[in-house]
Amino acid sequence: MTLTAAGDTGVYDTGEQATLNTISGHRDGYATLCPGAALYSALPEIRGAAGASVYAR
């Protein structure tokens with residue numbers, strides 16, 4: 001998905017377009033350490049499982 005930064009996030013400047021995964025970590029759009037390294041490294045697997053679900057569109 002593509003979002004427009006409403007303010008300076010530490011990753012994107014105000015007005016800059018941010019292209020993110022539908023399932024992203026906070027640090028992808030805002031300068032933070034959340035979610036921690038353990039969960040962040042699991043996001044690709046979580047995306048895959050969600051995409052493979054019979055409920056995925």
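This is a predicted model: local features need pLDDT of at least 70, side-chain atom pairs count only at pLDDT 80 or more; totals for chains, interfaces and linings use all residues.
Reading from the N terminus, the order of the elements is β-β-α.

Overall dimensions next. Along the principal axes, the C-alpha atoms of the chain fill a box of roughly 35 × 25 × 10 Å. The radius of gyration of the chain is 13 Å, whereas a compact globule of 57 residues would come out near 10 Å.

How much of the chain counts as buried? Of its 57 residues, 16%. The accessible surface amounts to about 4,200 Å², and carbon and sulfur atoms account for 58% of that. As for contacts between residues at least 6 apart in sequence, 5% of them join residues at least 24 apart.

Where does Asp13 lie? Asp13 is in the loop between β1, residues 2-4, and β2, residues 17-19. Leaving aside residues up to four places away in sequence, Asp13 touches Ala5, Gly7 and Asp8. Pro44 is 31 residues from Asp13 along the chain, and the C-alpha atoms of the two are separated by 26 Å.

Last, the aromatic rings. How many aromatic pairs does the structure hold? The count is 0. There is a charge over a ring to point out, though: Arg27 lies over the face of Tyr40, at 4.1 Å from the ring centre.

Conventions. Residues are numbered from 1 along each chain as its sequence is written. Side-chain values use heavy atoms; hydrogens and water are left out. Rings of Phe, Tyr and Trp (its six-membered ring) pair if their centres lie within 6.5 Å; planes under 30 degrees apart count as stacked, over 60 as edge-to-face and the rest as tilted. A charge sits over a ring if NZ of Lys or CZ of Arg is within 6 Å of the ring centre and within 35 degrees of the ring normal. Helices (H or I, at least four residues) and strands (E, at least two) are DSSP runs, numbered from the N terminus. The radius of gyration is taken over C-alpha atoms; the globule rule is 2.2 Å times the number of residues to the power 0.38. Buried means under 20% relative accessible area, exposed over 50%, partly exposed in between (1.4 Å probe, protein chains only). Contact means heavy atoms within 4.5 Å. Accessible areas come from the Shrake-Rupley method with a 1.4 Å probe; for residues, only the protein chains shown count as cover.
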